[in-house]
Amino acid sequence: MSGNVQLLNDTLAAAKSEGRAALIAYLPAGFPTVDGGIEAVKAALDGGADVVEVGLPHSDPVLDGPVIQTADDIALRGGVKIADVMRTVREAHAATGKPILVMTYWNPIDRYGVERFTAELAEAGGAGCILPDLPVQESALWREHADKHGLATVFVVAPSSKDARLAEITAAGSGFVYAASLMGVTGTRESVGAQAEDLVRRTRATTDTPVCVGLGVSNAAQAAEVAGFADGVIVGSAFVKRMLDAPDDAAGIEGVRALAADLAKGVRVQA
């Protein structure tokens with residue numbers, strides 16, 4: 001069975017044709033529970049997200065800030081497994097018809113088996129993977145199996161990436177390019193800043209693949225700011241914080257839906 005890379009491409013193209021950026025939400029699988037996590041992903045999509053990244057919780061999430069680390073810890077203590085990540089993708093995609101990616105560090109895939117992981121993700125209706133710590137020069141095996149199963153390979157670029165390196169990364173990736181707006185770990189910030197705009201400009205000089213910006217966006221005003229120069233706006237910690245701060249799971253899920261609706265308005269603001 002083939003994965004949904006084409007659905008991802010079509011979704012990003014449709015947002016562009018509407019003269020806006022796509023809204024991409026991130027939520028970890030298994031948080032606050034597996035069932036609760038599935039409902040949260042569906043709520044983000046129902047609220048207005050175009051795409052969701054489902055995080056595969058990791059015990060040493062080096063790129064994630066304290067909010068996502070807390071959620072990952074809750075999910076891991078709850079016993080979340082890769083099978084639960086696949087179930088989250090399957091049920092969220094089946095319920096909404098929207099593209100779902102998995103965001104994961106390389107080690108869990110390597111242990112699980114690349115062929116097995118890509119085949120199961122495609123069978124679940126997944127659109128691809130974001131692999132923040134897989135070096136492009138070590139990615140041939142992954143890309144071979146991802147291509148075979150119709151999955152996007154999304155690499156991360158950072159403000160520190162030199163132009164030649166950007167070209168190498170964008171030539172190998174597919175779906176979109178994940179532009180980390182700031183050096184450091186994930187988390188909400190007061191300002192997303194000019195660094196992100198410069199990174200998008202330099203990345204676009206190397207590729208026609210959409211460039212989506214993450215790390216730091218937490219409200220509609222920031223979403224509108226980033227939508228002014230990027231093809232997609234990626235929001236993670238702000239969604240997770242809504243869940244963590246809620247008095248119960250149901251309220252958290254409604255908080256996710258409301259934030260998605262607010263951010264969806266933000267990406268539609270004309271600069």
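Helices are DSSP runs of H or I with at least four residues, numbered from the N terminus. The model is predicted: local features need pLDDT of at least 70, side-chain atom pairs count only at pLDDT 80 or more, and totals for chains, interfaces and linings use all residues. Residues are numbered from 1 along each chain as its sequence is written, and side-chain values use heavy atoms, without hydrogens and water.

**First stop: the second largest pocket**

Select helix 4 (82–96) and helix 5 (106–112); each supplies at least two residues of the lining of the second largest pocket. Helix 5 gives the largest share of that lining, four residues. The pocket holds about 220 Å³ of space. Next, select Leu-56, Pro-57, Ile-82, Pro-108 and Arg-111, which are the closest to the pocket centre among the 13 lining residues. The lining divides into eight nonpolar, three polar and two charged residues.

**Second stop: helices 11 and 12**

Now select helix 11 (residues 237–245) and helix 12 (residues 249–266), which pack at an angle of about 150° with their axes 8 Å apart. Helix 11 is therefore roughly antiparallel to helix 12 (the term applies to angles over 145 degrees). To view the contact (heavy atoms within 4.5 Å), display Ala-238, Phe-239, Arg-242 and Met-243 of helix 11, which meet residues of helix 12 including Gly-252, Ile-253, Val-256, Leu-259 and Leu-263. The residues of this contact comprise nine nonpolar, two polar and one charged. In this classification, Ala, Val, Leu, Ile, Met, Phe, Trp, Tyr, Cys and Pro are nonpolar, Asp, Glu, Lys and Arg are charged, and the others, Gly among them, are polar.

Key:
Axes are lines fitted to C-alpha atoms, for helices over the stretch in contact, and angles run from 0 to 180 degrees between N-to-C directions. Angles under 35 degrees count as roughly parallel, over 145 as roughly antiparallel, 65 to 115 as roughly perpendicular and the rest as oblique. On a 1 Å grid over the protein atoms alone, a cavity is a set of points where a 1.4 Å probe fits but cannot get out, and a pocket is an open set with protein on both sides within 12 Å along at least five of seven lines; lining residues have an atom within 4 Å of a point. Grid points are joined across faces, edges and corners, and a volume is the space filled by probe spheres set on the points.
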